[in-house]
Amino acid sequence: MTPRFVSGISRRLAAYCLLLFAAATEPTTAAPTRIDRALLLDAVRSGDRVIAVGDHGVIAASMDQGHTWSRVPSPVGTGLTGISFSDTQEGWIVGHGGTILHSSDAGTTWRTSDAGLEPGDSLLDVLALGRGRALAIGAYGLIVETHDGGDSWRRLEPVAEDYHLNALVLDRDGAWLLAGEAGLLARSTDAGASWDTFDTGYEGSFYGLLRLESGRLVAHGLRGHLFWSDDEGATWTPVDVERPVLLMSAVQSPTGTVAVAGLGGVVFASRDGGTSFSMHELTRLKACAKLLALDGDLFLAFGETGVERVEVSHP
């Protein structure tokens with residue numbers, strides 16, 4: 001491991017407290033047998049199933065909206081940081097050490113895919129694009145893409161070589177939305193050949209960029225920094241939240257509620273499309289890495305001690 005990457009680990013731990021970059025090189029301990037003791041970092045809904053991933057190669061599935069969980073056999077013991085499905089059958093998982101997993105049977109079984117990455121490479125998010133195609137992003141501008149179900153991979157030109165790329169989502173018109181370090185927010189309409197960057201005036205890390213049903217863009221990052229844009233990123237309006245904590249995940253529920261969470265054991269919820277937010281205390285989790293919307297205003301929060309069901313009430 002290079003000194004530069006060790007520095008990256010230190011910055012990441014200080015800012016994040018959740019994604020343990022060092023886990024790939026430290027002595028491996030046994031994965032927790034109970035999901036409520038696992039560090040879970042990402043999750044996705046695929047049909048009637050919810051699938052979550054986390055530290056020590058943990059993959060867990062629930063068929064009852066998070067009430068009960070079962071472990072899914074995992075071919076790796078490294079930390080898993082991102083999961084994405086393009087439909088109910090094809091899914092991808094990424095993680096530390098350049099780990100990439102692929103499933104074509106609804107997440108029942110997973111196989112490794114070799115992208116030719118180094119042991120020190122960390123992938124932080126993945127976007128399933130269907131028909132064997134996927135895009136994975138990670139530390140220091142890393143972007144890799146496959147068109148053949150993971151049999152081969154190619155590197156794309158980095159948006160910003162020195163910055164960690166934290167989150168990648170598909171926009172409603174098929175464009176790619178990207179969030180990363182040093183105020184990086186970007187959109188590509190040509191499959192990564194070029195990127196348009198957004199300037200919010202904030203130079204800290206962003207951990208997500210969300211398109212709402214209204215068309216509004218919502219970006220969230222360190223120290224409670226939250227912004228929205230109604231003009232495709234030309235201008236951004238900051239939003240105040242009651243507690244200035246790192247905001248790691250944002251999602252919109254079927255009823256239109258926008259929920260944002262991260263550190264501090266709280267969820268911020270908005271009923272006016274992200275213009276203002278009220279704070280709700282979590283019961284058990286002190287840090288949330290991922291929010292997943294279920295039915296109504298019910299959410300699942302995933303974090304350092306498994307998963308918590310959260311129902312957001314509004315005054």
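Q: Which side chain meets Asp-173 in a salt bridge?
A: In this predicted model, local features need pLDDT of at least 70 and side-chain atom pairs count only at pLDDT 80 or more, while totals for chains, interfaces and linings use all residues. Residues are numbered from 1 along each chain as its sequence is written, and side-chain values use heavy atoms, with hydrogens and water left out. A salt bridge is a side-chain nitrogen of Lys or Arg within 4 Å of a carboxyl oxygen of Asp or Glu. At 2.4 Å, N to O, the partner of Asp-173 is Arg-187.

Q: How many residues apart in sequence are the parts that Asp-173 and Arg-187 tie together?
A: Strands (E, at least two residues) are DSSP runs, numbered from the N terminus. Asp-173 lies in the loop between E13 and E14 and Arg-187 in strand E15, so the parts tied together are apart by 14 residues.

Q: Is Asp-173 buried or exposed?
A: Buried means under 20% relative accessible area, exposed over 50%, and partly exposed in between (1.4 Å probe, protein chains only). Because its relative accessible area is 53%, Asp-173 is exposed.

Q: What is the relative accessibility of Arg-187?
A: Arg-187 also meets Asp-171 in a salt bridge (2.9 Å, N to O). Arg-187 counts as buried because its relative accessibility is 13%.

Q: Where does Arg-211, a partner of Asp-171, lie?
A: The side chains of Arg-211 and Asp-171 meet in a salt bridge at 2.8 Å, N to O. The pair links distant parts of the chain, 40 residues apart, with Asp-171 in the loop between E13 and E14 and Arg-211 in strand E17.

Definitions and conventions
Helix = DSSP H or I, 4+ residues; strand = E, 2+ residues; numbered from the N terminus.
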